[in-house]
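Have a look at the sequence and the 3D view below. Take a moment to turn the structure around before reading on.

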Amino acid sequence: MSEEEDALWQMTQYEGFEIHVAPLSKNQESDPPPASEAYTYVGYVCHPGANPKLPGHAVSFYAEGDIGFPSAQTALDEGMHVGRAVVDGTHPDLSVLSLVTSGV
């Protein structure tokens, strides 16, 4: 099982979509581990009840680069903020337009 499958996913409904975000520990990725805990996140936006594993059913996103957050809650909050930006159409690179036009 991958780290994403084991993650503690949180979901919220927003403007007719579901935003799913999971905070992930960055300590598992580094050798040696950093002195303090650091977190990142992964997430996706989909229509309620959609299967995100099917192509075209979700818009995925993640923290880019070496961005780290001091706590799992901070990473979760930022991931939810990014998910809302995707739904609102204010994210610079991602949009739910493909979900709306495909009818999925």
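Predicted model: local features only at pLDDT ≥ 70, side-chain atom pairs only at ≥ 80, totals over all residues.

Residues are numbered from 1 along each chain as its sequence is written, and side-chain values use heavy atoms, with hydrogens and water left out.

Let's start with the sheet. Helices (H or I, at least four residues) and strands (E, at least two) are DSSP runs, numbered from the N terminus. Four strands make up an open sheet here, in the order S1-S2-S3-S4, with antiparallel pairing. The edges are strand S1 (10-14) and strand S4 (58-62), each of which pairs on one side only. Two strands count as paired if DSSP finds at least two bridges between them. What holds such pairs together? Strands of a sheet pair through backbone hydrogen bonds, either parallel or antiparallel. In this sheet, neighbouring strands are turned by 20° against each other on average, direction ignored. For angles like this, axes are lines fitted to C-alpha atoms (for helices over the stretch in contact), and angles run from 0 to 180 degrees between N-to-C directions.

Now zoom in on one end of the sheet. S1 and S2 pair in the antiparallel sense over five bridges, and the bridge partner of Met 11 in S2 is His 20. These two strands form a hairpin with two residues between them, and Glu 15 in the turn has a positive phi of about 50°.

Over at the other end, S3 and S4 are also antiparallel and share five bridges. Along this pair, Cys 46 stands opposite Ala 58 in S4, and Tyr 44 is opposite Ser 60 in S4. Buried means under 20% relative accessible area, exposed over 50%, and partly exposed in between (1.4 Å probe, protein chains only). Which S4 side chains are buried?

Next comes the helix. Helix H2 (residues 72-88) lies across S1, S2, S3 and S4, running at about 150° to S2. H2 has 17 residues and reaches 24 Å from its first C-alpha to its last, close to the 24 Å expected at 1.5 Å a residue; the expected span is 1.5 Å times one less than the number of residues. Among the buried residues of H2 are Ala 75, Leu 76, Met 80 and Val 86, and what covers the buried residues of H2 includes S1, S2, S3 and S4. Just after H2, Gly 89 takes a positive phi of about 85°.

In soluble globular proteins, nonpolar side chains tend to be buried together. A nonpolar core is a set of buried Ala, Val, Leu, Ile, Met, Phe, Trp, Tyr and Cys residues joined through side-chain atoms within 4.5 Å. The largest one here has 18 residues, and those with the most contacts inside it include Ile 19, Phe 61 and Val 96. S2, S3, S4 and H2 are the elements that give two or more residues to this core, and H2 provides the largest share, six residues.

Contact means heavy atoms within 4.5 Å. Not counting residues up to four places away in sequence, Val 96 touches Phe 17, Val 45, Val 59, Val 86 and Val 87.

Leu 94 lies in the loop between H2 and helix H3 (97-102). Leu 94 counts as partly exposed because its relative accessible area is 24%. Leu 94 and Val 59 are 35 residues apart in sequence and 7.5 Å apart in space, C-alpha to C-alpha.

Lys 26 sits in the loop between strand S2 (17-25) and strand S3 (39-46). Is Lys 26 buried or exposed? Lys 26 is buried, because its relative accessible area is 17%. A polar atom of the Lys 26 side chain lies 3.1 Å from the backbone oxygen of Ile 67. Such a polar contact is a pair of N or O atoms within 3.5 Å; within protein, one must be able to donate a hydrogen and the other to accept it, and residues adjacent in sequence count only if both atoms are side-chain atoms.

Thr 40 is in strand S3, and counts as buried because its relative accessibility is 10%. Setting aside residues up to four places away in sequence, Thr 40 touches several others, including Lys 26, Ile 67 and Ala 75.
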